[in-house]
Amino acid sequence: MTVTALFLADAEPETRGLLEEQLPRDGFQLVGAGVPFDLVLATDGEVLDRFVDRAPVIVLGRLEADVIDRVRAFRRGCDDYVVQPFDYQELVERIRAVLRRSKPRELAVVVAPPVRIDTRTRDVRVAGARVQLAQKEYELLLRLAREPERVFTKAELLREVWDYRVVGRTRTLDSHASRLRRKLRAAGSPVELVDNVWGVGYRLLGVP
């Protein structure tokens, strides 16, 4: 299982405290410099050179920063620039936007035998047979099929498919997973799909 790892460089205590409290609720984990990370939040443009070759960087600039500071940061390789004080939810969306741009382009056709999904036409087939799915069933299957052997936690899937920010007690995921499993089985899948990993979450392909 993976989470989006962020490294926060040289932040003031107030900013660090806010982000340490809020970011995990939105599916991010703050990590130290000694472990791999997916994106850097840098409060000082002078540290850019240490990170631009390792991960995307968003600079959290000081209020007194002017256009020259911002231009200099972009020229040195930052991917976005946000002036403090910032709106937290806007920062989250900017983080997600930078991460989307930095990811390899996703394939239009996703194949995880016996499942084949054409994302251009939303055509879903199992062992060659077409399957009609509701909107969220389709989105859940697509998410699982992109990494068919990975176990996704329930919290991850609720955030990514249903946009839940805070995950409480809900049967939404379980009920959709159950219906999706039945439809795939009815379509003629030769193997059991949408495997429930007890106490953790779901994966598309179970252990043979």
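**Exercise 1.** Work out how H4 and H6 are oriented to each other in this predicted model.

*Solution.* Begin with the geometry: H4 and H6 pack at an angle of about 85 degrees, with their axes 10 Å apart, where axes are lines fitted to C-alpha atoms, for helices over the stretch in contact, and angles run from 0 to 180 degrees between N-to-C directions. Next, recall the classes: angles under 35 degrees count as roughly parallel, over 145 as roughly antiparallel, 65 to 115 as roughly perpendicular and the rest as oblique. H4 and H6 are therefore roughly perpendicular to each other. Finally, consider the contact (heavy atoms within 4.5 Å), to which H4 gives Lys136, Glu137, Leu140 and Leu141, while the residues of H6 include Leu173, His176 and Ala177.

Residues are numbered from 1 along each chain as its sequence is written. Local features need pLDDT of at least 70, side-chain atom pairs count only at pLDDT 80 or more, totals for chains, interfaces and linings use all residues, and side-chain values use heavy atoms, with hydrogens and water left out.

**Exercise 2.** Find which residues of H5 are buried, and what covers them.

*Solution.* Helices (H or I, at least four residues) and strands (E, at least two) are DSSP runs, numbered from the N terminus. Within H5, residues 154-162, the buried ones are Glu156, Leu157, Leu158, Val161 and Trp162, buried being under 20% relative accessible area, exposed over 50% and partly exposed in between (1.4 Å probe, protein chains only). Their cover includes helices H4 and H6 as well as strands S10 and S12. Just after H5, Asp163 takes a positive phi of about 60 degrees.
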